Amino acid sequence: MNNKKLLSFVLSAAMAATSLMPSGAYAVVSGDVNKDGVLTSADLDILQGYILGKHDITEEQFAIADVNGDKYVDVYDVTSLRKLILGTDRNIAFTSVTKRFNDGIKDAIKKVGLQEGGTVIKSSAELKTFLSNYLSDANVEKYMKDYNDSFFKDSVLLVKPAYYDPAKYSTNGGISKLSCGCDNTYAGVYTTGPTVDIGLNIRKEHDFNSASLGTLPAGAKFNITHANGTTNGTFGHVTYNGISGYVNMGFVTKLTSTAPKFSAVPDIKINTVKYSGGTVTVSASEYNASANVDFAAAVIAQAVVSRKDYYASSAKWNITTTTTTTTTTTTTTTTTTACPYPLAKARMDQMGIKTLQDAFYDCSAKNVRAVYVEWEKDASKLTLKKAADYGFNSRNGKKDAVAKGNCYVLAAMFCEMAKLLGYDAHLINGRVPLKVGGYGPHGWVEIIENGTTYVYDPDFTLETSGNGFHLTYGNTVWPIEKISEIK
């Protein structure tokens, strides 16, 4: 069914409030509303705020904000500005953070080359999966404390793991490693830790469940020659009063070190994060860390980037490597993107879809380009791509062919198009009340703009010829209940 509303009530009112461009106004740099010399999300925030009636802009800003040159400043300029930002080379502001580990390291990180392993992390679940490849569960949990779901609402992580073999940097006899995997990098004189008030067991094996051969009295001093870490659950080789065994390293404190010293404390420093033509490049260099920093075999360097400045957040990034020809101490991790939703892009090119409204209409117009059919109702079996591909493929590339699918399919097609237009769009699984009683499964799209979550429901528009475009949860026509996001 044709949806003839061009915008939601709020946006329509905002558009009505816009005026013709003042006579003689001239946009020096189209879209640079804050006039800082570069197109960024800050310009987009000002433009969207003006259209939504949150603030006014000057005549000069008005001229600059008329990106498409039609003498009006409206939602179409927002779409045009998004595309300009995507096509503009720029430096991306970032915060550099390095995490260093000496224990709890998996063998996988030792195989990562200096130019390999970089990735983009957009959720705590993605981060946990990534880290689990390289670190022990205990280290992953420790790492994750800084990066919860709240963090990822505003930020994206560009992450690069690296490994430095301690044996290549030692200066006093080198690293000795035993067949059990323990080495002498932890060697030294130790005492029992502050939580040991009676005694600490000397175990028969590298296992706290193994038999106790004796105890180290609280406050005793002893030598540990080799160990496999310093956390609770790792063990060191100890001999005390003629008893040789293993002590839990989480309950001891080092007094002096007899471990090897190192010629350098290698680390990674991130220099720039740049965007150009769909490619984000993180340029970094190796350097020798400060002398008061302990040697770390594993380093995870990361650049924290504002989510709203990372316009490829909807893309699938493929890690490539570059070859450094000038020095051996510079690494550049480059992440490139191909179109993540080729069927959606093909449809948009075919239909000339350039606005969110056009995309919504194409996925929800009854008897014109879409028709409701039963398909997969179990959202746990769906992915965004699977549902969208079903709808796009049902058209067989024909311009006027109907799209077949249920609410999830229609929403998924619209969600992919919205992402390609630069919107922070999410496919949502939920439920709605049924006329016969109870609830039934339902899918729709969320788009987050300036901290506000809007609802887009192509299926509602299709079935009722009502408006399912640009609503809020409190103002949706039928009561929808969100359950989860479909990735």
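In what order do the 4 strands of the open sheet lie, and is their pairing parallel or antiparallel?

**View 1. The open sheet of 4 strands in the predicted model.** The order of the strands is E21-E20-E19-E22, and their pairing is antiparallel. Strand E21 (452-456) and strand E22 (481-486) form the edges, each of them pairing on one side only. Averaged over the sheet and with direction ignored, neighbouring strands are turned by 40 degrees against each other. Strands of a sheet pair through backbone hydrogen bonds, either parallel or antiparallel.

**View 2. The pairing of strand E20 with strand E21.** Strand E20, which covers residues 439-449, runs antiparallel to E21 and is joined to E21 by 5 bridges. Within this pairing, Glu449 has Thr452 of E21 as its bridge partner.

View 3. Cys180 is partly exposed, with a relative accessible area of 39%, whereas Cys363 is buried at 0% relative accessibility.

**View 4. Confidence along the protein chain.** The mean pLDDT of the chain is 78, with 83% of its residues reaching 70 or more. The pLDDT is below 50 over residues 1-27, and it stays under 50 over residues 312-337, a stretch for which the model has 70 contacts beyond four places in sequence. Where pLDDT is low, the predicted coordinates should not be read in detail.

How values were computed:
Residues are numbered from 1 along each chain as its sequence is written. This is a predicted model: local features need pLDDT of at least 70, side-chain atom pairs count only at pLDDT 80 or more; totals for chains, interfaces and linings use all residues. Side-chain values use heavy atoms; hydrogens and water are left out. Buried means under 20% relative accessible area, exposed over 50%, partly exposed in between (1.4 Å probe, protein chains only). Two strands pair if DSSP finds at least two bridges between them. Helices (H or I, at least four residues) and strands (E, at least two) are DSSP runs, numbered from the N terminus. Axes are lines fitted to C-alpha atoms, for helices over the stretch in contact, and angles run from 0 to 180 degrees between N-to-C directions. pLDDT is the predictor's confidence in each residue, from 0 to 100. Contact means heavy atoms within 4.5 Å.
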